[in-house]
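Please read them with the coordinates open.

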Amino acid sequence: MILLITGGARSGKSGYAEARTLAVPGVPQYIATAQARDAEMSARIAAHQARRGAPWRDHEVPLELVAALAQTDGAGPRLVDCLTLWLANLMEAGRDWRAEGLALAKALGSQQSPVILVTNEVGMGIVPDNALARAYRDAAGWLNQTVAEAADEVHFLVSGLPLKVK
Amino acid sequence: MILLITGGARSGKSGYAEARTLAVPGVPQYIATAQARDAEMSARIAAHQARRGAPWRDHEVPLELVAALAQTDGAGPRLVDCLTLWLANLMEAGRDWRAEGLALAKALGSQQSPVILVTNEVGMGIVPDNALARAYRDAAGWLNQTVAEAADEVHFLVSGLPLKVK
Amino acid sequence: MILLITGGARSGKSGYAEARTLAVPGVPQYIATAQARDAEMSARIAAHQARRGAPWRDHEVPLELVAALAQTDGAGPRLVDCLTLWLANLMEAGRDWRAEGLALAKALGSQQSPVILVTNEVGMGIVPDNALARAYRDAAGWLNQTVAEAADEVHFLVSGLPLKVK
């Protein structure tokens with residue numbers, strides 16, 4: 001079972017994704033793509049960890065997501081939080097994000113244990129002035145479409161409430 | 001009955017909220033959180049008032065929303081327009097917006113007359129460069145979730161059309 | 001049949017709109033509102049053309065959309081891509097965009113051949129600092145509501161997947 005959860009900032013995506021992961025039998029595996037580079041990010045990560053609490057097994061995976069899915073398959077349901085940070089990490093590292101996105105979609109097709117993936121809507125504001133920001137939001141939209149196509153279910157969160165779009 | 005109406009800028013939230021309020025018997029109470037601080041804002045408020053017209057009783061409530069709900073309960077259906085401006089007012093005044101948001105959610109649980117609340121989606125664009133803007137959109141997302149949980153119904157407006165999410 | 005397709009940047013709107021247009025019998029008419037003014041825009045237009053391929057008849061219509069609908073009625077289904085660029089073109093040319101939007105809505109009421117229109121959600125981010133950007137997103141929201149009212153169906157795309165809102 002592959003579930004993609006999308007929505008805006010603070011729309012309740014992570015809380016909903018955690019609840020859905022915990023509803024699956026097995027040891028929940030938390031695959032975090034975030035890296036604690038500054039105080040704001042460290043605080044965000046600590047808040048996420050404090051809310052999740054005991055049963056989780058944590059993995060820090062800023063880049064090698066496809067390998068992490070292979071390594072954790074069979075260990076329990078996996079929660080990937082989140083794809084948009086993974087994309088930003090790939091871009092910053094100069095990796096071929098399009099090839100990585102296609103490899104992820106392919107890998108999702110052959111998982112034994114469930115995968116719940118969190119992503120963000122970033123393309124519903126005014127067109128950014130900044131060319132890098134425009135390139136990023138185009139890439140994020142492409143990645144969301146690509147993963148949604150590989151997913152069994154896609155839920156869009158609004159004010160903490162899921163709208164099923166697939 | 002507690003109804004939360006969310007959506008982007010100019011997605012038809014206020015018009016829809018007004019129609020829903022007028023459908024309830026009683027004298028409709030308009031609780032405006034906006035303050036006319038500059039010409040653009042004055043023009044926006046005047047346009048809203050002109051559209052609404054005669055039957056409404058108007059209240060200007062930039063900060064004391066919980067008290068205003070207590071005072072107007074029993075007088076007729078209340079329309080609160082909007083929560084995101086109330087939040088900005090609270091932040092600017094240095095108030096504890098989290099405590100106020102929780103107090104609002106609690107108060108909504110004990111109203112006799114209906115309350116229709118309008119809010120905005122502000123978290124579906126590119127992550128803002130500005131730390132204050134990031135803090136605001138996080139707070140707005142939290143407030144929307146908190147009020148949505150206390151609401152009986154939540155509608156998300158797209159191009160003037162309501163999608164029921166709760 | 002009038003169908004409005006809305007959604008964020010790279011949410012799959014154009015691909016979905018093309019598929020819907022090709023599902024209608026007749027020679028598909030592509031009414032592009034884009035103008036190739038810089039390298040980024042030229043690349044975007046070329047990518048759209050390459051994906052669409054052979055059967056389409058192309059029309060470049062930066063401003064005279066109502067006239068173009070009259071001229072192509074009867075020739076086959078029309079795909080208008082997109083309304084938000086048309087609006088930006090009207091504003092830049094100093095045209096009365098509100099009058100043009102109302103004329104479009106009226107014209108949509110009397111078409112013989114189907115019209116599929118693509119637009120963008122631009123109002124779900126943080127309020128822009130820039131007054132021009134705020135005026136544009138207000139106008140875009142108004143145009144989306146106005147065309148949605150004239151449409152038989154409205155679909156909101158999330159991660160490439162359509163949510164029917166009308």
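This is a predicted model: local features need pLDDT of at least 70, side-chain atom pairs count only at pLDDT 80 or more; totals for chains, interfaces and linings use all residues.

1. Extent of the interface of chain A and chain C. Chain A brings 21 residues to the contact and chain C brings 22 residues. The area buried between chain A and chain C is about 1,700 Å², and carbon and sulfur atoms give 64% of that area. On the chain A side, the most area is lost to chain C by Met124(A), Ile126(A) and Asp138(A). Together these residues make up 39% of what that side buries.

2. Which elements of chain A face chain C? The elements of chain A that give two or more residues to this side are strand E1 (2-7), helix H6 (131-150), strand E6 (153-158) and strand E7 (161-164). H6(A) gives the most, with 8 residues. By residue class, the side of chain A that touches chain C divides into 9 nonpolar, 6 polar and 6 charged.

3. Symmetry of chain A and chain C. Chain A is superposed on chain C by a rotation of 120 degrees, with 0.0 Å of shift along the axis and an RMSD of 0.0 Å. The two copies are thus related as by a three-fold rotation axis. In chain A, Gly125(A) has the C-alpha nearest the axis, 2.5 Å from it.

4. Extent of the interface of chain C and chain B. Here the contact takes 21 residues from chain C and 22 residues from chain B. About 1,700 Å² is buried between chain C and chain B, 64% of it from carbon and sulfur atoms. Met124(C), Ile126(C) and Asp138(C) supply 38% of the area that chain C buries against chain B, more than any other three residues.

5. Polar links and composition between chain C and chain B. The count is 1 salt bridge, formed by Asp138(C) and Arg10(B) with their closest N and O atoms 3.6 Å apart. Polar contacts between chain C and chain B number 5 residue pairs, both residues at pLDDT 80 or more. Strand E1 (2-7), helix H6 (131-150), strand E6 (153-158) and strand E7 (161-164) of chain C are the elements that give two or more residues to the side touching chain B. The largest share of that side, 8 residues, comes from H6(C). Its residues divide into 9 nonpolar, 6 polar and 6 charged.

6. Aromatic pairs. Over all chains the structure holds 9 aromatic pairs. One of them is formed by Trp97(A) and Trp142(A), which are edge-to-face at 5.5 Å centre to centre, with 70 degrees between the planes. This pair links distant parts of the chain, 45 residues apart: Trp97(A) lies in helix H5 (residues 97-108) of chain A, and Trp142(A) in helix H6 of chain A.

Notes. Residues are numbered from 1 along each chain as its sequence is written. Chains are lettered from A and ligands numbered from 1 in the order in which they are written. Side-chain values use heavy atoms; hydrogens and water are left out. Contact means heavy atoms within 4.5 Å. Buried area is the accessible area (1.4 Å probe) that two parts lose on being put together, summed over both. Helices (H or I, at least four residues) and strands (E, at least two) are DSSP runs, numbered from the N terminus. Ala, Val, Leu, Ile, Met, Phe, Trp, Tyr, Cys and Pro count as nonpolar, Asp, Glu, Lys and Arg as charged, and the others, Gly among them, as polar. Copies are superposed by least squares on the C-alpha atoms of residues with pLDDT of at least 70 in both. A salt bridge is a side-chain nitrogen of Lys or Arg within 4 Å of a carboxyl oxygen of Asp or Glu. A polar contact is a pair of N or O atoms within 3.5 Å; within protein, one must be able to donate a hydrogen and the other to accept it, and residues adjacent in sequence count only if both atoms are side-chain atoms. Rings of Phe, Tyr and Trp (its six-membered ring) pair if their centres lie within 6.5 Å; planes under 30 degrees apart count as stacked, over 60 as edge-to-face and the rest as tilted.
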